[in-house]
Amino acid sequence: MMASSDTVIGQMSRGLIWATAEDLARNRGRVLSLYRQVLRSLNSPDLPLNLAARLHRKAQARAIFMVAAEERSLHNIKDLMDIADYSLSLLRKGEIPKYIQ
């Protein structure tokens with residue numbers, strides 16, 4: 001099972017606002033995993049989406065993660081992982097998170 005975002009962030013450089021290259025490398029796998037899980041979850045037949053709406057939601061999720069890929073703030077990286085975890089929990093229940101509605 002994946003480590004929680006608190007654990008990953010807790011391992012980051014303490015007291016720094018900006019992520020180091022080491023911090024970014026450490027989070028890369030977790031963020032990519034969350035990205036893939038969100039895209040896969042949007043394909044769920046439990047979601048009340050037609051094909052066009054499904055493709056639109058996937059494009060929105062891609063845009064969020066593309067912009068976040070340039071992020072260098074430790075707090076914003078943690079927020080991205082928290083939001084992705086929360087969104088996945090809703091998607092798995094068949095609900096659409098507000099930020100991609």
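Analyst: Happy to! A salt bridge is a side-chain nitrogen of Lys or Arg within 4 Å of a carboxyl oxygen of Asp or Glu. This is a predicted model, where local features need pLDDT of at least 70, side-chain atom pairs count only at pLDDT 80 or more, and totals for chains, interfaces and linings use all residues. Residues are numbered from 1 along each chain as its sequence is written, and side-chain values use heavy atoms, with hydrogens and water left out.

User: What makes D85 and R30 a salt bridge?

Analyst: Their side chains meet at 2.8 Å, N to O, and the cut-off is 4 Å, so the pair qualifies. D85 sits in helix 4 and R30 in helix 2, 55 residues apart, so distant parts of the chain are linked. Helices here are DSSP runs (H or I, at least four residues), numbered from the N terminus.

User: Why is R30 called buried, and D85 partly exposed?

Analyst: Buried means under 20% relative accessible area, exposed over 50%, and partly exposed in between (1.4 Å probe, protein chains only). R30 has 10%, so R30 is buried. D85 has 27%, so D85 is partly exposed.

User: What about K78 and D82?

Analyst: Their closest N and O atoms are 2.9 Å apart, forming a salt bridge. Both lie in helix 4, four residues apart, about one turn of the helix.

User: How do you know that the span of helix 4 agrees with expectation?

Analyst: The expected span is 1.5 Å times one less than the number of residues. For the 19 residues of helix 4 (residues 74-92) that gives 27 Å, and the end C-alpha atoms are 27 Å apart, so the two agree.

Key:
Helices (H or I, at least four residues) and strands (E, at least two) are DSSP runs, numbered from the N terminus.
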